[in-house]
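I am opening a notebook on this structure. I will go through pockets, packing, strands and a few single residues.

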Amino acid sequence: MAQTAIRVGIIGVHPDRGWASTAHVPALRDLPQFRLSALSHNRVEVARAAAQKFGFDHAVSSTEALVNHPEVDLVVVTVRVPEHLQLVTAALEAEKSVFCEWPLGMNLQGAEAMNKLAAAKGVHTMIGLQSRANPTIRHMRKLVAEGFVGEVLSASVIGSGITWGEELDDAFRYTLDPSNGASMVHVPFAHTMDALAFALDDDFLSASGTLVTRRATTRIVESREVVPLAVADQIAFAGRLGSGALVTSHFRGGLSRATNFHMEINGSKGDLLLTSPVGYVGLGGFNLSGAQAGENLHPIPVPGDFGPDDNVLTGNVKKLYELLASDILSGTHQRPTFESAVKLHRLINAVEKSGGVSRDI
């Protein structure tokens, strides 16, 4: 692998829309550790237009051509979840390192298969758990490690899915099929539980969940079509961490007129509170506060935090790529890997299967 710049190939880039063009490409263009080498789209004219617009060296029209391209070190997969298994497997078989967006697979079995193959091939992997790179989440982790809260006793989370409410953009229609592995429990809830566990530097040992669908239907924004809501829009969760701390959470579909995001860590010496008007950890807009002993709750500044005019989505992705570059080029171990993804998939699998009864993970 080139040691001066990691040559990136991104699967499925459109010049005008999509997560690759709105977050990954802007992030990578700002990082000298990476080179935009190749992209693919199933329509070669679209691939060429995207390559010209974004400054990629090569445009190809198939996954096979991209993953086997001699000037690609790292394959990036940002397309819909049902396509991940096939695309990631192709990249791993070509012995390329892979960055795949979360969820890694449609289910635990698919994620385990990809992780096992990656280990056999001995390549670098990264999963798109961007909150682990967010300055606020990382500062919370530092505060907990330094003893700000003392012994962690419990954590409580209220979250909003944003999607899975009264309306749904047509682009997210596929999330209404539970078999696609992209519902509220798989995406905003999972991202949030991962961020909390990362901040606490702990793992879930057991979990229970109650998944309820309270809205029978939702409405497609563009067409006004009313369609069945076949996935949960209410999640009640309880989990136990390795430290013994209890975690409880309630996630709701759509947005609330009251509290949209509230994460509270209660300890023997202090408390931390993270809030946002947005809904869950993946979208930022954070306000961090805390208190110890007899103090009143007060704001806590975050070193290196995003400014009010920064794009937090792109910023999180950029900081995640910085972790990957350090790991590949300098031998550090900071990034979330496919092993991290499998741990989170095990948690979600336990929640889906628990029926309100605690299950070991």
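**Ground rules.** I am reading a predicted model, where local features need pLDDT of at least 70, side-chain atom pairs count only at pLDDT 80 or more, and totals for chains, interfaces and linings use all residues. Residues are numbered from 1 along each chain as its sequence is written, and side-chain values use heavy atoms, with hydrogens and water left out.

**Second largest pocket.** I began here and found a volume of about 460 Å³. A pocket is an open set of points on a 1 Å grid over the protein atoms alone, where a 1.4 Å probe fits, with protein on both sides within 12 Å along at least five of seven lines; lining residues have an atom within 4 Å of a point. The volume is the space filled by probe spheres set on the points, which are joined across faces, edges and corners. I noted 21 lining residues, with Arg132, Asp202, Asp203, Ser340 and Lys343 nearest the centre. Helix H9 (338–354) and H7 each supply at least two of the lining residues. H9 gives the largest share, six residues. Helices (H or I, at least four residues) and strands (E, at least two) are DSSP runs, numbered from the N terminus. I sorted this lining by class: ten charged, seven nonpolar and four polar residues. Nonpolar covers Ala, Val, Leu, Ile, Met, Phe, Trp, Tyr, Cys and Pro; charged covers Asp, Glu, Lys and Arg; the others, Gly among them, are polar.

**Largest pocket.** Next I looked up the largest pocket, with a volume of about 1,500 Å³. It has 50 lining residues, and those closest to its centre are Trp19, Thr78, Arg80, Phe172 and Tyr174. Elements that give two or more residues are helix H1 (19–29), helix H4 (84–93), strand E8 (167–168), helix H7 (188–200) and helix H8 (312–330). H8 contributes the largest share, four residues. By class I recorded 23 nonpolar, 21 polar and six charged residues.

**Helix packing.** H7 lines both pockets, and I checked how it packs. Helix H6 (residues 135–145) meets H7 at an angle of about 35°, with the axes 7 Å apart. Axes are lines fitted to C-alpha atoms, for helices over the stretch in contact, and angles run from 0 to 180 degrees between N-to-C directions. From H6 the contact uses Ile137, Arg138, Met140, Arg141 and Val144; from H7 it uses Ala195, Phe198, Ala199 and Leu200. Contact means heavy atoms within 4.5 Å. The class count is seven nonpolar, two charged and no polar residues.

**Thr136.** I stayed in H6 for this residue. Is Thr136 buried or exposed? Thr136 is buried, at 2% relative accessible area. Buried means under 20%, exposed over 50%, and partly exposed in between (1.4 Å probe, protein chains only). Leaving aside residues up to four places away in sequence, Thr136 touches Leu274, Phe286, Leu288, Val302 and Asp305.

**Strands.** Strand E9 (residues 204–212) runs antiparallel to strand E12 (residues 234–241), joined by eight bridges. Two strands pair if DSSP finds at least two bridges between them. Phe204 has Leu241 as its bridge partner in E12. E9 is also joined by two bridges to strand E18 (residues 359–360), again antiparallel. There, Ser206 is partnered by Asp360.

I then followed an open sheet of three strands, ordered E8-E10-E11, with mixed pairing. E8 and strand E11 (226–228) stand at the edges with a single partner strand each, so one side of each has no neighbour in the sheet. E8 pairs in the parallel sense with strand E10 (residues 217–220) over two bridges. Leu168 has Ile220 as its bridge partner in E10.

**Loops.** Val278 sits between strand E15 (270–276) and strand E16 (287–292). Val278 is partly exposed, at 24% relative accessibility. Its C-alpha is 7.9 Å from that of Ser160, 118 residues apart along the chain.

Which peptide bond is cis? I found the one from Trp102 to Pro103, with omega near -5°. Pro103 lies in the loop between strand E5 (97–101) and helix H5 (108–121).

Asp201 is not a glycine, yet has a positive phi of about 50°. Asp201 lies between H7 and E9, and is exposed at 57% relative accessibility. Arg224 also has a positive phi, near 65°. Arg224 is in the loop between E10 and E11, partly exposed at 44%.
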